[in-house]
Amino acid sequence: MIDLVGYGAFFLTTALIFSLVTLGLNLQWGLTGLFNVGLAGFVAIGAYTSALLTTPDDPARLGGFGLPILIGWLGAMFVGGVAAALTGIATLRLRSDYLAITTFGVAVVVQLVALNAQKLTGGPFGIGFIPRPFGDLAETPLLFNLSNLAIVSAVTLCAYLALEHLTRSPWGRVLKALREDERAAISLGKSARFYRVQAFAVGGAIMALAGALQAHFIGFIAPDNYLSILTFQVWVMLIVGGSGSNAGAVAGSVMVWAIWAGSGALTSVLFTPEQQARAASLQIVAIGVMLCVILLVRPNGLFGERPRRMRFGKRVKATAGESGP
Amino acid sequence: MNLQFVVDGLLTGSMIGLGAIGVTLTYSILRFSNFAHGDFMAWGTYATLAVVGAIATMFGKVAPIAPLSFGWPLIVALVVGVAFTALLALLLDKVLFSRLRKQEQAIIVVMGSFGASMALRSLLEFIFTSRPTYFSRAIQIAMPVGFGIRITPDQIALLLLTAALVLGVHLVATRTQTGRSMQAMSQNPALARIAGIDVASVVRVTWVIGAALACVAGVMIGVLVQIRPLMGFDMLLPMFAAAILGGIGSIPGAVLGGLIIGLAEAAAVQLIGAEWRAGVSFIILMAVLIVRPIGLFGVRER
């Protein structure tokens with residue numbers, strides 16, 4: 001019984017960390033219409049930043065500055081936000097696809113740096129000994145898991161409330177206006193690019209915070225945690241939940257993570273250890289097909305409420321007119 | 001600095017360039033960036049590998065053609081693989097992309113291609129496992145050709161094949177009615193439709209050309225490097241960078257972009273180290289997007 005509660009807490013903590021990433025993506029895509037296929041890169045930036053700031057000194061690499069965990073989280077948000085802002089500034093005046101390609105490139109480069117810049121990131125072996133918020137409770141796993149769950153829930157709730165508030169604020173209304181009818185919004189004197197860069201940066205900061213939370217929850221990070229499969233999982237979570245709705249983002253994350261963890265447990269029961277790697281790839285195939293089917297059948301997601309009326313033909317012309325000679 | 005990087009760069013550049021032609025055509029005619037293009041490459045290569053295996057069981061061991069590492073089975077298999085990849089692309093368009101295009105949100109199609117890419121790649125891992133394989137394990141002796149450059153017969157043959165294919169596609173695109181219809185579609189789809197251009201057939205030709213070249217590029221990688229389920233996915237960023245560097249919609253641009261990126265990668269391998277190779281395309285991509293987003297031969301969007 002106690003094991004079950006402990007596992008439940010562990011499961012929910014992971015799911016809520018995923019929800020945090022999904023909330024960041026919902027701000028970028030659901031609210032603003034910005035396509036980020038490199039979000040694993042921003043999550044990794046957050047995890048590594050926080051790890052560098054808070055771990056004890058390590059002669060093999062830069063730092064280990066031993067700072068408090070809270071500073072690590074704030075630093076992660078700052079670096080993640082700046083990275084996202086730079087990506088946005090470079091590409092948001094161009095066609096929407098260029099942002100997608102660039103974010104994809106960001107993820108590749110972050111992965112490359114994580115693997116090869118040993119002095120900074122510890123290379124393929126990653127960084128260990130990341131301080132945990134309630135490390136001294138580790139002897140009693142149940143208490144440890146529950147306190148982790150409490151802190152992750154608190155952070156996710158804060159992010160959720162803040163995003164709900166932002167969505168309804170004048171700022172959020174400008175983003176929605178830009179998404180629905182860019183020309184009308186521009187004619188009211190709103191700079192499309194400036195607002196989009198802001199939204200993209202805030203989204204990136206939230207993703208980085210999620211990465212940092214997870215790093216401190218697990219206590220160890222390695223480049224393998226941030227492959228494109230992570231990006232893909234979060235996209236499925238957002239689409240299942242229905243892009244545009246923050247509550248949907250959280251619900252979708254918990255649901256998809258339950259399916260993912262459940263089918264993972266099922267394959268480990270049904271298949272012999274040698275076959276498990278193959279079964280795991282079949283799991284990804286199933287989720288990929290699911291994403292395509294949802295896009296075909298219910299493009300607004302299972303819980304998506306509003307029909308979205310973004311017309312890209314218009315948007316392309318308007319951007320071209322804005323940046324043209 | 002050793003000039004060997006020129007040969008290595010031209011070879012990598014050929015693979016990137018052949019792939020980038022497909023990316024640039026899909027982008028300019030179907031109006032979305034296809035994240036599944038790399039997986040066409042991998043699927044084509046594995047299909048070719050399967051046919052080579054089938055031929056080997058039917059005819060026994062076939063001696064390779066004089067200086068090359070492969071014989072007629074690979075050539076036959078490549079033709080079958082190209083046909084298979086083209087059919088795969090057409091099938092994917094029928095069940096997924098054509099329906100998503102109807103929703104008139106370009107980015108939804110991109111997302112669909114991202115999901116399809118993940119599914120295709122993992123399906124390959126499921127069928128063939130992620131262990132790398134090879135067309136041939138024979139080691140070829142590289143011939144010195146002066147200036148400290150060495151080249152193998154396979155490499156010469158594949159460079160010639162690339163040149164022939166690029167010339168062929170360029171001639172089709174500029175000298176035939178089909179090619180002119182494709183240009184019309186990329187410049188103004190509405191007007192092209194009014195002028196009586198058969199949109200469905202242009203879409204089909206675009207997929208067939210892109211997928212066929214992707215398959216050839218994949219087999220080149222298979223012959224010269226190795227075959228892995230991730231081989232196409234790893235080529236995605238260089239291909240996108242090459243298409244954008246060359247200017248979206250331009251076939252010569254895509255090839256030139258591919259060659260530039262290939263040469264830059266090879267130079268980086270020699271100067272900085274092989275582990276940083278994948279970063280080269282990103283740096284070039286960012287530079288192009290900041291300095292000249294329409295690329296070398298691009299036209300400003302209307």
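Modeller: What follows goes from confidence to fold, then to single helices, one glycine and the contact between the chains.

Modeller: This is a predicted model, in which local features need pLDDT of at least 70 and side-chain atom pairs count only at pLDDT 80 or more, while totals for chains, interfaces and linings use all residues. Residues are numbered from 1 along each chain as its sequence is written, and chains are lettered from A and ligands numbered from 1 in the order in which they are written.

Biologist: What is the mean pLDDT of chain A, and where in chain A is confidence lowest?

Modeller: The general idea is that pLDDT is the predictor's confidence in each residue, from 0 to 100. For chain A the mean is 84, with 92% of residues at 70 or more, and for chain B the mean is 88, with 98% of residues at 70 or more. Within chain A, confidence is lowest in helix α13 (residues 312-323), at a mean of 40, and highest in helix α2 (residues 39-54), at 93. Over residues 306-325 of chain A the pLDDT is below 50, although this stretch has 27 contacts in the model beyond near neighbours in sequence, two residues being in contact if their C-beta atoms, placed from the backbone, lie within 7 Å. Where pLDDT is low, the predicted coordinates should not be read in detail. The model as a whole scores ipTM 0.88 and pTM 0.88.

Biologist: How many helices and strands does chain A have?

Modeller: Helices (H or I, at least four residues) and strands (E, at least two) are DSSP runs, numbered from the N terminus. By that count chain A has 13 helices and zero strands. Its radius of gyration is 20 Å, close to the 20 Å that the globule rule gives for 325 residues, so chain A is as compact as a globular protein of that length; the radius is taken over C-alpha atoms, and the rule is 2.2 Å times the number of residues to the power 0.38.

Biologist: Is α10(A) mostly covered or uncovered?

Modeller: A residue is buried if 20 or more other C-beta atoms lie within 10 Å of its own, exposed if 12 or fewer, and partly exposed in between, with C-beta atoms placed from the backbone. In α10(A), twelve of the 14 residues are buried, among them F232(A), W235(A) and M237(A), whereas 48% of the 325 residues in chain A are buried. For length, the expected span of a helix is 1.5 Å times one less than its number of residues; helix α10 (residues 228-241) of chain A should span 20 Å, and its end C-alpha atoms are 20 Å apart, which agrees. Just after α10(A), G242(A) takes a positive phi of about 100 degrees.

Biologist: Which residues does G298(B) touch?

Modeller: G298(B), in the segment after α11 (277-291) of chain B, touches G247(B), I248(B), G249(B) and S250(B), not counting residues up to four places away in sequence. G298(B) is buried, because 21 other C-beta atoms lie within 10 Å.
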